[in-house]
Amino acid sequence: MVVESSVTGVFRTLLLLIGVFVVLRFLGRLMIAKRNLEAERNMLKKQREFEQEKQQLKRNFGKTNILSKTNNSKGSAYEDIEFETLDS
């Protein structure tokens, strides 16, 4: 079996390789853009949550919360402390 190379065969092979390279490069840029959009969405979502929490804290600044004993269980972050007076 004798294999001969031709100018058109080499040209077609080069065009095919260039085409595959261009398509892969385009897909890579598309995936990078998708990743950047997702990162931007996450950043904006966190920023909105932060702003909402900030507004809520501003609204409740200086207010006192009174919890009932039913809410105060062992796993709670609040502790019931007895009031003591100092005798002078």
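Reader: Where does E84 lie relative to α1?

Author: In this predicted model, E84 lies in the segment after α1.

Reader: What makes E84 count as exposed?

Author: The relative accessibility of E84 is 67%. Exposed means over 50%, so E84 is called exposed.

Reader: Which residues gather with E84 in a patch of negative charge?

Author: E79, D80 and E82 gather with E84 in that patch on the surface. Asp and Glu count as negative, so the patch made of E79, D80, E82 and E84 is called negative.

Reader: How do you know that R41 forms a salt bridge with E38?

Author: The closest N and O atoms of R41 and E38 are 3.2 Å apart. A salt bridge requires a side-chain nitrogen of Lys or Arg within 4 Å of a carboxyl oxygen of Asp or Glu, and therefore the contact between R41 and E38 is given that name. The structure holds 1 salt bridge.

Reader: How are R41 and E38 placed in helix α1?

Author: Helix α1 covers residues 7-59, and R41 and E38 are 3 residues apart in it, which means that about one helical turn separates them.

Reader: Why is R41 called exposed, and why is E38 called partly exposed?

Author: R41 has a relative accessible area of 52%. The cut-off for exposed is over 50%, so R41 is exposed. E38 has a relative accessible area of 40%. Buried means under 20% and partly exposed lies between buried and exposed, so E38 is partly exposed.

Reader: What makes the nonpolar surface patch, and what is its area?

Author: L16, V20, V23, L24, F26, L27 and L30 make this patch of about 690 Å². One of these residues, L16, has its place in helix α1.

Reader: Why does L16 count as exposed?

Author: Its relative accessibility is 58%. Since exposed begins over 50%, L16 is therefore classed as exposed.

Reader: How many helices and strands does the protein chain have, and what share of its residues counts as buried?

Author: The protein chain has 1 helix and 0 strands. Of its 88 residues, 0% count as buried. The accessible surface of the protein chain comes to about 9,700 Å², with 60% belonging to carbon and sulfur atoms.

How values were computed
Residues are numbered from 1 along each chain as its sequence is written. This is a predicted model: local features need pLDDT of at least 70, side-chain atom pairs count only at pLDDT 80 or more; totals for chains, interfaces and linings use all residues. Side-chain values use heavy atoms; hydrogens and water are left out. Helices (H or I, at least four residues) and strands (E, at least two) are DSSP runs, numbered from the N terminus. Buried means under 20% relative accessible area, exposed over 50%, partly exposed in between (1.4 Å probe, protein chains only). Accessible areas come from the Shrake-Rupley method with a 1.4 Å probe; for residues, only the protein chains shown count as cover. Patches are made of residues with over 30% relative accessible area and no salt bridge: like charges are joined within 9 Å, nonpolar side chains (Val, Leu, Ile, Met, Phe, Trp, Tyr) within 5 Å. The place of a charge is taken as NZ of Lys, CZ of Arg, CG of Asp or CD of Glu.
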